[in-house]
Amino acid sequence: MSEKSEFLTYKGKPLVRKGNEIYYGDMADRYVVMMQVLESHKDGDIDVADRVQVQLMSTDPEVRAKDRIIKKSEKNGLYNAMDIGAIWLERALREEK
C-alpha cells in the first residue's frame with residue numbers, strides 16, 4: 001500500500017509554494033532551493049513567471065540567514081529557474097555524502 005504524499009514533487013523532491021516563493025527540496029536535507037517570482041504577466045487567467053530569482057540555501061539553523069545563501073541567480077521563466085535549481089540541489093546533496 002502506498003502512502004499519499006501531501007506535497008507536489010519534482011524529480012522526487014517536495015515542491016511547496018507560498019505566495020511568490022517556491023521551495024524545492026526536503027527541509028530535512030542540508031540544502032533546499034528557494035525561487036522567488038520577481039515579475040510575471042497574465043496569460044488569460046493564469047499568471048506566468050517572467051523573472052525568477054533562484055537561491056541554493058543551507059537549512060542549518062545555526063547559520064545566520066544572510067550566510068545561508070550558497071548560490072544565487074536570476075532566470076527568465078520558471079522552467080529555467082527549476083532547471084538550474086534542480087541541478088544545484090542535486091550537486092550540493094551529492095557532495096555532502
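Modeller: What follows covers confidence, then the sheet, then the pocket.

Colleague: How far do the residues reach 70 or more in pLDDT, and what is the mean?

Modeller: This is a predicted model, in which local features need pLDDT of at least 70 and side-chain atom pairs count only at pLDDT 80 or more, while totals for chains, interfaces and linings use all residues. Residues are numbered from 1 along each chain as its sequence is written, and side-chain values use heavy atoms, with hydrogens and water left out. The mean pLDDT (the predictor's confidence in each residue, from 0 to 100) is 90 for the protein, with 93% of its residues at 70 or more.

Colleague: And where is confidence lowest and where highest?

Modeller: Strand 1 (residues 8-10) is lowest, with a mean of 89, and strand 6 (residues 69-76) is highest, at 96. Strands here are DSSP runs of E with at least two residues, numbered from the N terminus.

Colleague: OK, the sheet: in what order do the strands come?

Modeller: The six strands make an open sheet in the order 1-2-3-4-5-6, with antiparallel pairing, where two strands pair if DSSP finds at least two bridges between them. Strand 1 and strand 6 are at the edges with a single partner strand each, so one side of each has no neighbour in the sheet. From one strand to the next the twist averages 30°, taken between lines fitted to C-alpha atoms, with angles from 0 to 180 degrees between N-to-C directions.

Colleague: How many bridges hold strand 1 to strand 2?

Modeller: Three bridges, in the antiparallel sense, pair strand 1 with strand 2 (residues 13-18), and Tyr10 stands opposite Lys13 there. The two strands form a hairpin with two residues between them, and Lys11 in the turn has a positive phi of about 55°.

Colleague: What about strand 2 and strand 3?

Modeller: They run antiparallel and are joined by four bridges, strand 3 being residues 21-24, and Val16 has Tyr23 as its bridge partner. Their hairpin also has two residues between the strands, with Gly19 at a positive phi near 65°.

Colleague: Switching topic, what lines the largest pocket?

Modeller: Among the lining residues are Arg17, Gly19, Asn20, Ile22 and Asp47. A pocket is an open set of points on a 1 Å grid where a 1.4 Å probe fits, with protein on both sides within 12 Å along at least five of seven lines, and lining residues have an atom within 4 Å of a point.

Colleague: Which element gives the largest share of that lining?

Modeller: Strand 5 does, with three residues.
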